[in-house]
Amino acid sequence: MENNTHRFIICFFLFILHVRSNDLVNLNEHFLATYARARDHLLSQTSPLIICIRDNIIIHYRGKRYEEQVIPKSYHDLKAISHIPFKIYLTVMFDTVGLSEDNSIELQRYLDNIQTIRNILQFPQDILQNQYDIIDLSIRYLNTILSTKLVDRKELKQFCEEAHRLFALNIELAAQMHLDLLDEKVRVWYYERFNETERDALRVTIIGPKTARHGFLEKTYFYHLIGEKREGKHIIYAENVESEEKALEVLGIWMLDAKAAAMFFEGDTERLHRDLLSDATAKYIKGLFKKSKIEL
Ligand SMILES: *[C@@H]1O[C@H](CO)[C@@H](O)[C@H](O)[C@H]1NC(C)=O
């Protein structure tokens, strides 16, 4: 009997705890809804906006949306050619005792492929030769390993070094092409269409679906255009964002946090951009490790 009473009391308190925590969850939902509303309102008041997404920039300006391509097709073509020697290296890198049968079949097919591509290559005249050079180097190397069935380490290294010399030029060309087109498109907006107030209010969101390397060029370009040294006021960079909608959300959150932080943290607009828990964690963790060392 006494046991049952016990159990009842425990159940009762667990029930109260449950209700209480649900109340708090509901309460927090109010916060989240208000937060989203404030964020969207702030976004609707922000103009102009530029979002760099994949090959394009999207401009929101005076209530309208515009889209411009800023990465030329030849940028991707140059990259594809530069990847040929890299692909060959990746295929044979573990074939230390000789070319495996599977790789041999695969590379024979690949060789046919690039030979076909060589005949239909389309590039501006001044950069065409470098593309032939990369392909010819790859064809020569493939012919060697396919006929000997050996992957000599020294030869492989030599091939990679030679390839590097050639595709370094491609990387330079790709960057130049991208910057030229980006500049051509952005300059008109920034200097001709935006007035001074708008230039000052401009927000640029650069999104990269994969690594931080992606979008680095655009970051550098906009830093120079706007004359800024770091992320925050005009430029923000968002990784792992796939869509325009998500990019806008990230920007809205960034702006709203800066605004709120100025109120709550004595003008420190950056405070909410750091993890709010990070200062508290740094403080508490010191004690945590001191304690465990003593216990040991
Ligand atoms: C710039 O354009 C905005 C409209 O987007 C207008 O409200 C503002 O007064 C203009 N500023 C100047 C300096 O012309």
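Strand 1 and strand 2 (residues 56–61) pair in the antiparallel sense, with 5 bridges between them. This is a predicted model, where local features need pLDDT of at least 70, side-chain atom pairs count only at pLDDT 80 or more, and totals for chains, interfaces and linings use all residues. Numbering runs from 1 along each chain as its sequence is written.

A few terms before we go on. Strands (E, at least two residues) and helices (H or I, at least four) are DSSP runs numbered from the N terminus, and two strands pair if DSSP finds at least two bridges between them.

Strands 1 and 2 make a hairpin with 2 residues between them, and R54 in that turn has a positive phi of about 50°. Strand 1 also pairs with strand 4, this time in the parallel sense. Here's the pairing at a glance:

| Partner of strand 1 | Sense | Bridges | Residue pair |
|---|---|---|---|
| Strand 2 (residues 56–61) | antiparallel | 5 bridges | C52 with I57 |

Strand 1 (residues 49–53) is mostly covered, with 4 of its 5 residues buried; buried means 20 or more other C-beta atoms within 10 Å of the residue's own, with C-beta atoms placed from the backbone.

Now for helix 4 (residues 125–148). Its buried residues are Q131, I134, S138, Y141, L142 and I145, and they pack against helix 2 (73–92), helix 3 (101–119) and helix 5 (153–193); contact here means C-beta atoms, placed from the backbone, within 7 Å.

Technical notes
Buried ≥ 20, exposed ≤ 12 C-beta atoms within 10 Å, placed from the backbone. Contact = placed C-beta atoms within 7 Å.
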